[in-house]
Amino acid sequence: MKVSEPGRRFICAHEGRRLNCYPDVAGRPTIGVGHLCRSFDEYPNGISEDECERLFISDLQWVAAEVSAVSHRGPLRQHEFDAVADFVFNIGGTRFRKSAVATAIKQGGDTAPIHFFSWTKAGGVRHKSLLSRRHACARLYWFADYTPGY
């Protein structure tokens with residue numbers, strides 16, 4: 001399964017799109033649509049719209065693979081998959097695999113979104129924007145509501 005077009009828009013609404021490197025809320029070097037860089041100097045001249053799209057597509061591929069790897073008890077519905085994809089895109093694959101969200105999905109229950117709310121900190125600081133994003137992901141997972149949280 002892969003991230004749908006509405007799912008792509010949902011992720012983009014949360015991540016934004018910047019063609020020059022910037023620090024994310026945890027201070028990590030980021031460019032494009034939430035693409036983590038190795039350093040702030042990795043793209044000294046920024047990137048083009050085309051490169052931004054290529055990076056985003058590449059990131060969506062690993063995100064989809066992470067989500068698919070934990071849905072052992074049958075495929076998630078598209079909106080559920082997209083909600084979890086937004087979550088994985090935001091926290092990363094390693095953290096996701098160790099999370100209660102992944103465990104809940106493996107068990108096949110609808111409790112996965114409850115565990116989204118354990119992830120509202122970045123750099124050790126709670127952020128309202130992450131809480132809003134987790135609410136939006138839960139609405140998407142449970143109710144197929146693609147309205148992003150801001």
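Predicted model: local features only at pLDDT ≥ 70, side-chain atom pairs only at ≥ 80, totals over all residues.

Trainee: Which residue does Arg-8 pair with?

Mentor: Glu-53, with the closest N and O atoms 2.4 Å apart. That pair links distant parts of the chain, since Arg-8 sits in helix α1 (residues 5–15) and Glu-53 in helix α2, 45 residues apart.

Trainee: Are those two buried or exposed?

Mentor: Arg-8 counts as buried because its relative accessibility is 18%, and the cut-off for buried is under 20%. Glu-53 comes in at 22%, so it counts as partly exposed.

Trainee: What about Asp-86, who is its salt-bridge partner?

Mentor: Arg-133, at 2.9 Å between the closest N and O atoms. Asp-86 lies in helix α3 (residues 78–91) and Arg-133 in helix α7, so the pair ties together parts that are 47 residues apart in sequence. Asp-86 is buried at 0% relative accessible area, and Arg-133 is buried too, at 4%.

Trainee: Switching topic: where is Arg-134?

Mentor: Arg-134 is in helix α7, which covers residues 128–143.

Trainee: How far away is the nearest side chain of opposite charge?

Mentor: That's Asp-86, at 4.9 Å. A salt bridge has to be within 4 Å, so Arg-134 is buried yet has none.

Trainee: So what does the Arg-134 side chain make a polar contact with?

Mentor: The side chain of Asn-90, at 2.6 Å. Leaving out residues up to four places away in sequence, Arg-134 also touches others, including Phe-87, Ile-91, Phe-116, Phe-117, Trp-119 and Thr-120.

Trainee: Last one, back to α2. What length does it reach, and what's expected?

Mentor: Helix α2 (residues 49–70) has 22 residues and spans 32 Å from first C-alpha to last, close to the 32 Å expected at 1.5 Å a residue.

Trainee: Which of its residues are buried?

Mentor: Among them are Cys-52, Leu-55, Phe-56, Leu-60 and Val-63.

Key:
Residues numbered from 1 in each chain as written. Heavy atoms only, no water. Helix = DSSP H or I, 4+ residues; strand = E, 2+ residues; numbered from the N terminus. Buried < 20%, exposed > 50% of the residue type's maximum accessible area, 1.4 Å probe, protein only. Lys, Arg positive; Asp, Glu negative; His and termini not counted. Polar contact = N/O pair within 3.5 Å; in protein donor to acceptor, adjacent residues only side chain to side chain. Contact = heavy atoms within 4.5 Å. Expected span 1.5 Å × (residues − 1).
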